[in-house]
Amino acid sequence: MIELDGVNKWYGNYHALSDVTGSVTNGEVLVVCGPSGSGKSTLIRTINRLEPIQRGTIRIGGEDIYKQGKDINALRAGIGFVFQQFNLFPHLSVRQNITLSPVKVGGMSRAQADELADALLAKVGLAHKADAMPANLSGGQQQRVAIARALAQRPPVILFDEPTSALDPEMVGEVLSVMKQLAQDGMTMMVVTHEMGFARDVADCIWFMDEGKIVERARPDKFFTSPEHPRAQKFLSDILRPHSVSSH
């Protein structure tokens, strides 16, 4: 579904992504983790061209997304993307946020789009909030609306860029449980996250990044019990230290 081949990205002299190669198969949940500044968010943002790459190829469903003449808007419409900061339109109701793209980009009728929005809101547990404005929702609710909006395009894949990092701790669970449900429904997902419980329970595969490279890729059971790369070992021992028991 997603293929990365020798992907490189620089910001000036800073080599943000270095020869990243890997693939995500249909129906797979891939979690990308690693220390801050390791290139995780940059990587996921190159997959819908929010960040350009300087070298390498990225294919989605077999198609090179950087090839000349590729329609960026159509590409983005076909890939669900859930941001750290929700990015809902503040002047539109919850339902309007979800129907905007299916109507404008997808050519769906207003009635069909409304029906779709209501079904998706029910799926994320917010059927009663269709007419609410984003400002009147909690962060967790806004992020669940953002997930419904991403699903409205019926995308083959959804990218999540640290979807819970802007949330208060008590709201993280409600968003992760919606994501877990999507995974159970067979959605192809690429998730950049610090939520290691989610990674352990839901991921099919984990990529651990450091300094712009994937330094370890493993199944969760292997990654959490016997990581091979010293950076991954340190990362896990830092976040799984006993002192964190009280705060998690």
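This is a predicted model: local features need pLDDT of at least 70, side-chain atom pairs count only at pLDDT 80 or more; totals for chains, interfaces and linings use all residues.
Strand β1, residues 2-11, and strand β2, residues 14-24, run antiparallel and are joined by 7 bridges. Within this pairing, Lys9 has Leu17 in β2 as its bridge partner. The two strands form a hairpin with 2 residues between them, and in this hairpin Gly12 adopts a positive phi near 60°.

At the β5 end of the order, strand β4, which covers residues 55-60, pairs with β5 in the antiparallel sense over 2 bridges. Here Arg59 stands opposite Asp64 in β5.

A further sheet is built from 6 strands. It is also open, and its strands follow the order β6-β7-β8-β3-β9-β10 with mixed pairing. Its edge strands are β6 (80-82) and β10 (213-218), each of which pairs on one side only. From one strand to the next, the twist averages 15°. Gly80 is placed opposite Ile158 in β7.

Helices pack on this sheet. Helix α5 lies across β6 and β7, and its direction is at about 170° to that of β6. Helix α9, formed by residues 230-239, also packs on the sheet, where it touches β3 (29-33), β9 (205-210) and β10; the direction of α9 makes about 100° with that of β9.

Helix α5 also has helical neighbours, and the next step is to follow these contacts. Helix α5 spans residues 139-151 and packs with helix α6, residues 169-184, at an angle of about 20°, the two axes being 8 Å apart. An angle under 35 degrees counts as roughly parallel, and α5 and α6 are therefore roughly parallel to each other. The crossing in which α5 passes α6 is right-handed. On the α5 side, the contact is made by Gly139, Gly140, Gln141, Gln143, Arg144, Ile147 and Leu151; on the α6 side, these residues meet Met171, Glu174, Val175, Val178, Met179 and Leu182. Sorted by class, this contact of α5 with α6 comprises 7 nonpolar, 4 polar and 2 charged residues.

Helix α3, residues 94-104, is another neighbour of α5: the axes of the two helices come within 8 Å and cross at roughly 25°. This angle makes α3 roughly parallel to α5. The crossing of α3 and α5 is right-handed. Val94, Asn97 and Ile98 in α3 meet Val145, Ala148 and Arg149 in α5. The residues of this contact divide into 4 nonpolar, 1 polar and 1 charged.

The tour now turns to individual residues. Most residues other than glycine have a negative phi. Glu162 has a phi near 45°, a positive value in a residue other than glycine. The position of Glu162 is in the loop between β7 and α6. Is Glu162 buried or exposed? Its relative accessibility is 12%, and since buried means under 20%, Glu162 counts as buried.

Glu211 likewise has a positive phi in a residue other than glycine, with a value near 50°. Glu211 lies in the loop between β9 and β10. With a relative accessibility of 61%, Glu211 counts as exposed, because exposed means over 50%.

The last stop is Gly197, which is found in helix α7, residues 196-202. Gly197 is partly exposed, its relative accessible area being 36%. Gly197 and Leu176 are 21 residues apart in sequence, and their C-alpha atoms are 9.8 Å apart in space.

Conventions. Residues are numbered from 1 along each chain as its sequence is written. Side-chain values use heavy atoms; hydrogens and water are left out. Axes are lines fitted to C-alpha atoms, for helices over the stretch in contact, and angles run from 0 to 180 degrees between N-to-C directions. Helices (H or I, at least four residues) and strands (E, at least two) are DSSP runs, numbered from the N terminus. Angles under 35 degrees count as roughly parallel, over 145 as roughly antiparallel, 65 to 115 as roughly perpendicular and the rest as oblique. A crossing is left-handed if the near helix is turned anticlockwise from the far one by less than a right angle, and right-handed if clockwise. Contact means heavy atoms within 4.5 Å. Ala, Val, Leu, Ile, Met, Phe, Trp, Tyr, Cys and Pro count as nonpolar, Asp, Glu, Lys and Arg as charged, and the others, Gly among them, as polar. Two strands pair if DSSP finds at least two bridges between them. Buried means under 20% relative accessible area, exposed over 50%, partly exposed in between (1.4 Å probe, protein chains only).
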